[in-house]
Amino acid sequence: MNKETQPARMSGKRQFLWNLLFIVIAVLSVWVVTTQAKGFSPRRFAAFLENADPWYLGAAILMMLGYIAVGVLAILCLLRGFGYRPGFFNGLSYVAADLYFSAITPSATGGQPAEGYLMVKDGIPGVICTVTLLTNLLLYTLSIVIIALLGLLVWPNAFLQFGPFARILIAVGAVIQLLLALLYAMLLWKKQLLHRICSWALRVLTKLHLLRNPERKRERLEAIMGNYDQATQMLKGKWSFLLKGLLLNVVHRTCQILV
């Protein structure tokens with residue numbers, strides 16, 4: 001894998017068509033939400049804006065823009081750690097796709113696949129996209145834990161004011177976050193775990209007769225896992241850019257909370 005690799009650029013006409021399609025989908029989505037939501041009307045929204053504190057509203061808008069911008073910097077930081085240097089507006093398209101499809105799909109399941117799809121369209125190998133998104137997910141989860149710990153240190157009463165049952169639920173949530181972070185780390189650095197999960201999925205699909213040419217799929221899986229291992233090996237020793245990515249994720253998550 002060559003260092004400082006530039007992603008392939010889409011032609012101007014093709015880029016224009018993609019942007020136009022995105023605008024059309026966005027407009028239709030807003031129209032559907034605003035017309036179907038019983039608690040929303042243009043008059044109520046105008047009244048909300050009229051009664052809102054302009055300073056707080058301005059600060060919320062600023063934090064929203066910061067949330068998007070820092071999210072772009074975080075994903076670009078990780079991609080550059082692998083030797084790929086897409087431009088800021090390429091990164092903006094990745095983050096915009098993540099936010100949009102996370103908002104319209106159940107349990108926010110469509111964000112990262114859409115983000116990875118655009119990376120591949122920009123010429124970034126699929127394996128690099130997978131490792132980048134998984135690394136970002138790990139750092140994103142760790143940032144939640146870090147912010148929670150800082151919050152407890154700065155204002156412990158925010159936790160103590162809850163009742164016993166609520167404290168138990170919060171503690172369970174914290175444990176789940178830590179377990180998820182551990183799982184993401186194992187998927188990154190324990191290739192055997194990911195290989196077993198993929199092999200199990202292939203076996204299940206084969207038994208259900210939903211998979212054609214299973215042997216060819218297994219051969220392809222072995223080739224992909226070899227490239228995946230090569231990509232994860234590139235992370236070793238690069239603590240500086242991982243730390244930078246973590247700090248950016250902490251700021252990214254903080255901006256979202258401050259909105």
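Among contacts in the protein chain between residues at least 6 apart in sequence, 71% join residues at least 24 apart. This figure, like every other value below, comes from a predicted model. The protein chain holds 11 helices and 0 strands. Read from the N terminus on, its elements follow the order α-α-α-α-α-α-α-α-α-α-α. Of the 259 residues in the protein chain, 29% are buried.

On the H3 side, the contact is made by Met 63, Gly 66, Tyr 67, Val 70, Gly 71, Leu 73, Ala 74, Cys 77, Leu 78 and Gly 81. H11 contributes Phe 241, Lys 244, Gly 245, Leu 248, Asn 249, Val 251, His 252, Cys 255, Gln 256 and Leu 258. Sorted by class, the residues of the contact of H3 with H11 comprise 12 nonpolar, 7 polar and 1 charged.

Helix H3 also meets helix H4, which spans residues 88–104. Here the axes come within 9 Å, and the crossing of H3 and H4 is at roughly 115°. Angles of 65 to 115 degrees count as roughly perpendicular, and that makes H3 roughly perpendicular to H4. The crossing of H3 and H4 is right-handed. From H3, the residues taking part are Tyr 67, Ile 68, Ala 69, Gly 71, Val 72, Leu 73, Ile 75, Leu 76 and Leu 79. From H4, they are Phe 88, Gly 91, Leu 92, Tyr 94, Val 95 and Leu 99. By class, the contact of H3 with H4 has 13 nonpolar residues, 2 polar ones and no charged ones.

A disulfide is a covalent bond between the sulfur atoms of two cysteines. With a pair of cysteine sulfur atoms within 2.5 Å as the criterion, the count comes to 0 disulfides. Cys 77, one of the H3 residues in the contact with H11, has a relative accessible area of 10% and is buried. Cys 129 also counts as buried, at 3% relative accessibility.

Ile 124 sits in the loop between helix H5 (111–121) and helix H6 (126–154). Burial requires a relative accessible area under 20%, and Ile 124, at 1%, is therefore buried. Ile 124 and Tyr 84 are 40 residues apart along the chain, yet their C-alpha atoms are separated by 7.5 Å.

Val 250 belongs to helix H11. Its relative accessible area is 17%, so Val 250 is buried. Along the chain, Val 250 and Ile 146 are 104 residues apart, while the separation of their C-alpha atoms is 7.6 Å. With neighbours within four places in sequence left aside, Val 250 is in contact with Ser 143, Ile 146 and Ile 147.

Definitions and conventions: Residues are numbered from 1 along each chain as its sequence is written. This is a predicted model: local features need pLDDT of at least 70, side-chain atom pairs count only at pLDDT 80 or more; totals for chains, interfaces and linings use all residues. Side-chain values use heavy atoms; hydrogens and water are left out. Contact means heavy atoms within 4.5 Å. Helices (H or I, at least four residues) and strands (E, at least two) are DSSP runs, numbered from the N terminus. Ala, Val, Leu, Ile, Met, Phe, Trp, Tyr, Cys and Pro count as nonpolar, Asp, Glu, Lys and Arg as charged, and the others, Gly among them, as polar. Buried means under 20% relative accessible area, exposed over 50%, partly exposed in between (1.4 Å probe, protein chains only). Axes are lines fitted to C-alpha atoms, for helices over the stretch in contact, and angles run from 0 to 180 degrees between N-to-C directions. Angles under 35 degrees count as roughly parallel, over 145 as roughly antiparallel, 65 to 115 as roughly perpendicular and the rest as oblique. A crossing is left-handed if the near helix is turned anticlockwise from the far one by less than a right angle, and right-handed if clockwise.
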